[in-house]
Structure formats: C-alpha cells, structure tokens
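User: I have a model open and would like to go through it with you piece by piece. Could you keep the answers careful and say which cut-offs you use?

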Number of protein chains: 2
Amino acid sequence: MGSVIDSSTSLLAAQTHDIVRFAMGAPAAEVIPTDEFRRLAGEVLDDSSFTYGATEGEPGLLETIIELSAQTGRPTRPERIVVTSGGMQGLDIAFKLFVDPGDLVVVESPTYTNGSGTALSYGAEILEIPMDDDGMDIEALEAQVGELGRTPRLIYTIPNFQNPSGTTLSLERRKRLLELAHEWGSVILDDDPYGELRFAGQEVPSFAELSPEDPLVLSVRTFSKVLAPGLRVGWVDADPRLRDLVIAAKQAMDTCTNVPNQHVVERFIRQGGYQEHLEGLRTEYRRRKEAMDASIARHLGNRVVTTDPQGGFFLWVTLQGEDARISTSRLFEIALAEGVAFIPGPALSPSGRFQDAFRLCFASSTPERTEEGLQRLARALDIARAELGG
Amino acid sequence: MGSVIDSSTSLLAAQTHDIVRFAMGAPAAEVIPTDEFRRLAGEVLDDSSFTYGATEGEPGLLETIIELSAQTGRPTRPERIVVTSGGMQGLDIAFKLFVDPGDLVVVESPTYTNGSGTALSYGAEILEIPMDDDGMDIEALEAQVGELGRTPRLIYTIPNFQNPSGTTLSLERRKRLLELAHEWGSVILDDDPYGELRFAGQEVPSFAELSPEDPLVLSVRTFSKVLAPGLRVGWVDADPRLRDLVIAAKQAMDTCTNVPNQHVVERFIRQGGYQEHLEGLRTEYRRRKEAMDASIARHLGNRVVTTDPQGGFFLWVTLQGEDARISTSRLFEIALAEGVAFIPGPALSPSGRFQDAFRLCFASSTPERTEEGLQRLARALDIARAELGG
C-alpha cells in the first residue's frame, strides 16, 4: 500500500536526517495557505460549525461546489453532490455500494493501491489492465474481459495525471470505455484528485461531460490536492438516482464530514482568489516537474525511461537495460539509507508487478531538493547495481 | 434510522416555526464551547494541521487521550488507541473487521439503529434482545441464542445510559456477558459515548476494567457528546493485537481523521479545565433531566411509563392503558404539526418494534422549552387518542 510505505518512510525519516521525500503524495507544504486557513478558522467558526452537520454536506459548501463547477466549465447540480471526508471516503462509498464479494473490479496497472485495497476489503476480485502513454489500454481491457468470460461490476480509473503513472486517459479511450461500460453494465469510478492541476497540454473532457446524466458514472473529487489534505473535505458527483444511496452509505460511515473545515473551505473559496490560487499551483508544479526532468536527465540519463505528465504530482520511472534486473523494493532500502525515498513499483500493483519501476513525486520538493534527491538516487542505483555483480 | 428522522425533522422545522426538538441526539448548543474552539483554532493551527496526519491519529492527541484515561481511573495504553472520525467510524471499523455476510450480530432492543444499520450493511443477521432497567436481558440473550442454535459473531451494546432507552447495563450482567462472549468467541462492541456524563448513581466498571487485555472487547469512544459532534473526533480502544487491523480498516475509509480538529481538541484538553467542563455538563444535564421528569409528570401523568437514566441524553417513554393502542409513528406526525419532535419507537428497532414507545432527548432543551414541548406532546396525544375513537 502506498500510504503504508509513506508512513514507514516518515518514521525512518525521523531517524535518517535530511531525507528527500519523493515518496509523499501530499501537496507542497509551501503552497498550502496555512496562515489563511488559520485566520479564516478564527473568523468564520460559529455555533453551527460544531454541531452535527447534514450528512450530504453543509448547504453553503454544496452551493460553493456548484458555483466552482460552473466557473470551470463543467457545471453540475445540487442533486448530484454529496460532501465526503476526502476523496478516500468517496472511493469507500463507491466500492461499498457497488462491490459484493466475488465481483470483478478493473483497475489500472499500476494503480493507487489504497483504492484497490478498499475494493479488496469488500471482496472484489481485481483485474489489472496495463497502461501506456494514453492511460489504461482499453483494447487490452476488452481482450482480458473476453478471455475471462466475466464482465466487471466496476472499472476504477484515475483519468487525469494518474497516480502513480502520471499519464492521462485519451479522449478516444474515454469514449470507448463508456461504450464498454454500457455494454457490460459496469460502473465507471472516475477518481480525479488532480484534474485541476493541468500545467501543459489540452484538457480532455470528463466522463460526465461525455455522458451526462449517466447512472453508470460516479465521480470522486477532493480539495486535498488543491487546498490541503488535512482538511479531509471532498465530494462525490453522481447521478441524482444514486444520491440517496450515497448519503445512506456515508451516514453509516461517519454521520457527517467534520463541519469546521467545510465552513473554512467555503469561505476560502467565496472570498475570491481561488482561480489565482489554482493558477499559482499549476505554475509551481510545472516548475517542479521540469526541474525533476532535468535532474533525472543529469543523474540517471539513459538508465531509465520516465512518463511525461501534463499535470498532477507524479511521474513513473522504469529501469532500463542491465539496471532492469534491480529490484526496486531492494533499491528502496538502499535509497533510504542514502537519504531519499520513493514508492517501489510492486507497492502500486495489487499483484506486485513492476519490480523494475517506481513512482516519484515531483510536487512535494523544491527544485534544489529534487536535484539533491536525484544525486542520492543515482548513488543508490550504483550500489544496487554493484550488489547484482553487474 | 434515527438520524434520517432527525434530518427530516430539521427540514420540517424550517417550515414549522418554533419546534421543540426532543428528537435531537446532539449536545445542548449552550454547553458547546464554540468561542473557545474558535479562539484555539485561530491560535494552534499550523503547517502540520493541514497536511496528511498519521492514520492512527495525531501523536499529541493520542498522548492526551492516554492522560485523560489515567485521570478518570481507567488507564489505557498508546498501543490500544486509534483516533477515528467520530464514534460512528469506530462502529464502521468494528463491523467491517468482524462481520461477514450471514454472521449473527446481537443488538439491544431498542438500539441505536445507525449502529445496527452499519452491521446490516456488511450483511449481518440481527438478533434483537429485550432490555429492562438493568440493560440488555442477558438471560434472554442466552435463551434466544440457544433456540437459534447459532452463536453471535459480535454483540453490540451501549452499556451506559443507552441510546435510546437511557438504561445502564448492571455489573452482574456485564460479567455474565463477558463469560458468554468467551464461551461463544463473540466480540463485545462496547459503544460508550455517554459514559462520562453520569449525574446520578454509582459508576459501573467497564468491560475493559472487568477483562483487561481482552481481544474480544473493542471499545468505541468519542468527543462528540462531551465536546462537540461537528468536530468528528473519537477513538477506538482495543487490544494491541487488533491495532494493525483497525488502522488498515481506517486507512481504507478516510486515510486519516481531519487534522485541525485533532489539534484543537488536544489543546482544549491540555490547557486545563477539562474535568470542570465535564462537571458542568453533568450538572446541566441532571437539571434538564429532572425538569423533563417534572414536565412529564405534569402533562402526561400516568398515561406513560418512563425509564430513569442516571446520565446521558435520553429517556424512553412507553404509552400505557388505552393510549398504548396509539401508533407513535402516527403520533410523530401529529406532534410535528403541534411543534414538537421525538423519535418514534419503530425507528429504533431494526424489526420495527415499539409501536407504543418513543425516545425523548432531555439534553438538548432548556427546562422552559421542555415544559413547552411536553404541553404540546400532551395535546398531540389527545388528538391521536381522539383519532382512535377512544
């Protein structure tokens, strides 16, 4: 599990001083408006912030989400929205509603294993579909489902700047995936934490835009990556026919999402400057991604091939040539001792694939730290290679 | 579902002015230290409040919970504690870990139906056990399990000032329940949101005190009733052998509990005055409970029998004589029109028992409002009685 490794990394980091944490999946500390949140909390919290909130979310925040969605050109409606305790709870709700023991669930390979882990917790059987630079390989999906002779109950995808690969599902493939979902009666679980963080290339229409009012599309959104993960505020955008089910599932999980942070998020967005905040994130993350590309080229050169994300937090590194014999799980141990952390490939695949690959997060480190981290990673790679006797 | 009715009540209340809300399960608005929380939020929140927290909870809050438990004479240990997003998530974790489809789950009758609803969502078969003034009838439990010829996987109990009955499980019965749990290999899910709110009588030892280091006892605790429900901060106290399972389950639900409120709760407790805060709650809730007793005696007299809680929020009202023919579901509709709300009995039993009973919350209304509410309730009862042609 990605986050399990993240937290063990944190423990180790307490012992190993000055670690470069490419393993984190959190926004850069520098871009979280901490002072502003603290100021707003001291200002907006009132009696209504501390009693039980409505399970579907605070009315003001629901309105704000509707207004935001209109501003970004992907309008939605109040009857489609339920506030959740971060994107993770959106995934929990979707898997809980749709997955019964033995149901087939399709995931991208590699994938966000906290998501696939939640599917497993409801008894899913997981089918991993390979990816390329255009996201999940839909032809491979069709072929594998055909071979199995069973259709999936749910297809879990992170269509934009996927975690962990950084790739984006192409328009053609989104359309084809919708066709297959309708043919099979499969739910598309569209998990999109990074969609607002595009810093290059052209936006691709969402599943909801391509297939409006579709009860087979359930979209999970969150403020974790664009505001702050500690808030635990996200939302589900789904067909109104699903809303009562979503609310009932959430009620049995945590009654309501914590109210003070809903009020702080609402005020942060309403006071203006939110689009400028997003623009600032895009500029900074593009700078950091380009810096990581440059550092990788300098220190790893043609020993690796990487993906080229147009947004988000992550890129995916695959070892080449003789280095491909190195286990990145072993490389992880060596790298930690050298003072740099990443997520090894096998932790990002339910069946432990990608022994020769790993995920790097460019979002959480400054260019200077990234340069230092890649130097350390190159040393770790040399040590791992020497261990192989290559 | 209790809370479903609560929220529909809120909607109606927006139309019906000046409703007396005996249906709420929330603390009195007057005793929530809103100004203090707002001040602390403006003071203590820093960078660490907005990034991902550890799934098991913020280290400072974990320490604070340990210190509190020592102060109250029921010491626990860090290896036993996981912070949760309110008590509801503690229940979700317990049912998710222990209940597979078809498993038998014992609940008190009446019970907190959001809890039994979560058990049902994991495929539990529910066995309802009657209660009397000493809590769940353990002889009846033994007899019913014997008749069924199947032992329960989990026994769900609210041992102190039970929601909705207000009764407390006696010491003898706690001991006997522990014996049966061990004989059957059943988990005791000890849900205790109200335990710190005893305002009369003698404290009864907890399951953890009666059976230390017992992997069959899982205790769910929360700050919702003693501080504020909107915070969504609670904890699970369980055998250390269960801790990794509890953490893994929580990680698949919401990654971590919202961090700012963990920091605010920690500071609120550490700054001193917490025991005085609890003492203030007990004094106020005793005053409100005694006021409700007096108003019931004045306006309902011998038309009802009520329980006599020694703490918590609720008392349970059973119609007597000819009034027992009234359906409290119908009475609820009439009462709403008269401007008073409660929870009808059938909403508090998975099989819809207790047509002749209802739950009142004495905690959320001042004595003056309670007097007004009972007058309205007496009018509603007269109307319902007239409808019967009695």
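User: What span should helix H3 (residues 59–71) of chain A have, and how far apart are its end C-alpha atoms?
Analyst: At 1.5 Å a residue, the 13 residues of H3(A) should span 18 Å, and the end C-alpha atoms are 19 Å apart, which agrees. The expected span is 1.5 Å times one less than the number of residues in the helix. Helices (H or I, at least four residues) and strands (E, at least two) are DSSP runs, numbered from the N terminus. This is a predicted model, in which local features need pLDDT of at least 70 and side-chain atom pairs count only at pLDDT 80 or more, while totals for chains, interfaces and linings use all residues. Residues are numbered from 1 along each chain as its sequence is written, chains are lettered from A and ligands numbered from 1 in the order in which they are written, and side-chain values use heavy atoms, with hydrogens and water left out.

User: Which residues of H3(A) are buried?
Analyst: The buried residues of H3(A) are Gly60(A), Leu61(A), Leu62(A), Thr64(A), Ile65(A), Ile66(A), Leu68(A) and Ser69(A). Buried means under 20% relative accessible area, exposed over 50%, and partly exposed in between, using a 1.4 Å probe and protein chains only.

User: And what covers them?
Analyst: The cover includes strand S2 (81–84), strand S9 (234–238), helix H9 (240–254), helix H10 (259–270) and helix H11 (274–299) of chain A. After H3(A) comes Gly73(A), whose phi is positive, near 80°.

User: Step back to chain A as a whole. How does its radius of gyration compare with that of a compact globule?
Analyst: With 390 residues, a compact globule would have a radius of gyration near 21 Å, and chain A has 21 Å, which agrees. That radius is taken over C-alpha atoms, and the globule rule is 2.2 Å times the number of residues to the power 0.38. The C-alpha trace of chain A spans about 60 × 55 × 35 Å along its principal axes, and 62% of the 390 residues are buried. Chain A has 13 helices and 14 strands.

User: Thr328(A) next: buried or exposed?
Analyst: Thr328(A) counts as buried, at 0% relative accessibility, and its place is in helix H12 (residues 328–338) of chain A. Leaving aside neighbours within four places in sequence, the residues in contact with Thr328(A) include Leu319(A), Phe342(A), Pro344(A), Phe354(A) and Phe358(A).

User: Over to chain B. What is the strand order in the open sheet of 8 strands?
Analyst: The order is S2-S9-S8-S7-S6-S3-S4-S5 (chain B), with mixed pairing. Strand S2 (81–84) and strand S5 (135–136) of chain B stand at the edges, each with a single partner strand, so one side of each is left without a neighbour in the sheet. Two strands pair if DSSP finds at least two bridges between them.

User: How do S8 and S9 of chain B run, and how many bridges join them?
Analyst: Strand S8 (residues 217–222) and strand S9 (residues 234–238) of chain B run antiparallel and are joined by 5 bridges; Arg221(B) stands opposite Trp235(B) in S9(B).

User: How covered is strand S11 (residues 314–319) of chain B?
Analyst: S11(B) is mostly covered, with 5 of its 6 residues buried. Strand S10 (residues 304–306) of chain B is joined to S11(B) by 3 bridges, and the two run antiparallel; Val304(B) has Leu319(B) as its bridge partner in S11(B). Another 5 bridges join S11(B) to strand S14 (residues 357–361) of chain B, again antiparallel, and Phe314(B) stands opposite Cys361(B) in S14(B).

User: Last topic, phi of Phe161(B) and Phe354(B)?
Analyst: Phi of Phe161(B) is near 50°, a positive value in a residue other than glycine, and Phe161(B) is buried, with a relative accessible area of 1%. Phi of Phe354(B) is near 65°, also positive, whereas Phe354(B) is partly exposed, with a relative accessible area of 21%. For context, most residues other than glycine have a negative phi.

Definitions and conventions:
Contact = heavy atoms within 4.5 Å.
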